[in-house]
Amino acid sequence: MQHRAENRNFMSTLHTNQHGQLLAVKGSPNEVLALCSWRVQHGQVEPLTEDDRFSISIANDRMAGEALRVLGAAYREWDSVNEIASPLESLTWLGLIGMTDPVRPGVQGVIGDLHQAGIDTVMITGDQSVTAYAIGKELQLSRGNGEQLEILDSTHLTGIEPEVMTALASRVHVFARVSPSHKLQIVQALQRSGKVVAMTGDGINDGPALKAADIGIAMGNTGTDVAREVADVVLEDDHLETMVIAISQGRTIYNNIRKSVHFLLATNLSEIMVMFTALSTGLGQPLNAMQLLWINLLSDVAPGLALAMEPPEPEVLQQPPRDPAEPIITSADFKRIGFESAVLSAGALGAYSYGLMRYGIGTQANTLAFSSLTIGQLLHAFSCRSQTHSLFGTTSLPANPYLTLAVGGSLGLQFLTFIIPGLSGLLGLAPLTLLDIVIVGLSAVLPLVINEATKGYVQRQASQPVVLPTS
């Protein structure tokens, strides 16, 4: 028996009986046909002419164009007395075998979801080019927007220069007649072109390419032990839809980390701004040490954790992949954080200034600044749920009950500081009048309104192209 090998796309088996020996061959139609000199026609063995070869090639292309996986079959027999030096010659052609291997239900939708998420898809297959092209068209690997589907027969990759391979890899949607070594070569070429490569596979031959890919994805049910061991991710159910879910969850986790960090930086920076501005302008000390500690305990812990449990935003799969080298907080984020902190600080300083004008420097003015900043920071957690979605927008975000509970509970604790005498005395708080409460409410809610209203402006500014002057 001779199995299919790297440079041989067919296999043969030798059978012996009392009449002699029979060599059965199956494999790539073109390669098997090249070994044949005879054909079976109406039960009779006849010489294989050039016209016959042309007709068989046409039939092969037609069947492959229907997305069938086509095999050629041939044989040779001889009596057991005679030995043949080269049995893989002068074979008798039997015919073509077309096998249908339909695309799994839902795969076309998965490809569309990946394209929508900004992820390019490349098919690497051992099928002949015509079959691979038909499947690629069915899956709309070229995004289905009029872009030409590019296919490359990998038999032409032998001896190709790495630079040429890199250029080809960034354009080709389908690689046909691929050998195991070609898979590794294709993955490495895609990486050289600057792409982050995720590869799916299930066989032993996929092992080197799975290991070389940035993210190797193996099938849990049908995958071999070798594929599962070298892969970074194993799909337990073998469903490609799971990858889309994983991408959505991965992006959501990353975004939620950014939201929590954004919230913590903005709120803590606002405290620094309030203290620095008041002290540097001679307005006294708006917050004492216990009040600062209380604000950090109340606003940082529960809302920050709740933001880390945000559900996916509606367009999480419509956003392009992020640059792996991009920091978790960019320079644009720092500018936005600085603006939000300044607005929060302005609200607290406004309430503090009102207290100074009405009561003078002392506990009453401090209580106004403390209450305004604390409530303003808690409400700011709702603004940090999204960088693009505003409370005044037409599209609403999915509910986050954890954040509602965290902010509501924290506001309840803030209210208790005025009711429990021991806690009120520890924080150095004074009773507030009805007008004071109104001022605190306005100075806490107004920053939320301003920060939400400016989200659209910030988004438009980020989307505008930068025009550089020419000399």
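Does Phe392 count as buried or exposed, and at what relative accessibility?

Tutor: This is a predicted model, in which local features need pLDDT of at least 70 and side-chain atom pairs count only at pLDDT 80 or more, while totals for chains, interfaces and linings use all residues. Residues are numbered from 1 along each chain as its sequence is written, and side-chain values use heavy atoms, with hydrogens and water left out.

Phe392 counts as exposed because its relative accessibility is 54%; exposed means over 50%, buried under 20%, and partly exposed in between, with a 1.4 Å probe and protein chains only. Phe392 sits in the loop between α12 (363-383) and α13 (401-416). Helices here are DSSP runs of H or I with at least four residues, strands are runs of E with at least two, and both are numbered from the N terminus.

Phe392 belongs to a nonpolar surface patch with Phe339, Leu391, Val445, Leu446, Val449 and Ile450, and together they have about 610 Å² of accessible area. Such areas come from the Shrake-Rupley method with a 1.4 Å probe, and for residues only the protein chains shown count as cover. A patch takes residues with over 30% relative accessible area and no salt bridge, joining nonpolar side chains (Val, Leu, Ile, Met, Phe, Trp, Tyr) within 5 Å and like charges within 9 Å. Helix α15 (residues 434-453) supplies the largest share of the nonpolar patch, four residues.

Now the charged pairs. A salt bridge is a side-chain nitrogen of Lys or Arg within 4 Å of a carboxyl oxygen of Asp or Glu, and by this rule the count is 15.

One of them joins Arg336 and Glu340, whose closest N and O atoms are 2.9 Å apart. Both residues are in helix α11, four residues apart, so about one helical turn separates them. Arg336 is buried, as is Glu340.

Another salt bridge pairs Arg258 with Asp333, with 3.0 Å between the closest N and O atoms. Arg258 lies in helix α9 (residues 241-280) and Asp333 in helix α11 (residues 331-359), so this pair ties together parts 75 residues apart in sequence. Arg258 and Asp333 are buried.

Asp153 and Arg177 also form a salt bridge, at 3.5 Å from N to O. This pair links distant parts of the chain, 24 residues apart: Asp153 is in strand β8 (residues 151-153), and Arg177 is in the loop between β9 (174-176) and α6 (180-192). Asp153 is buried at a relative accessible area of 14%, whereas Arg177 is partly exposed at 23%.
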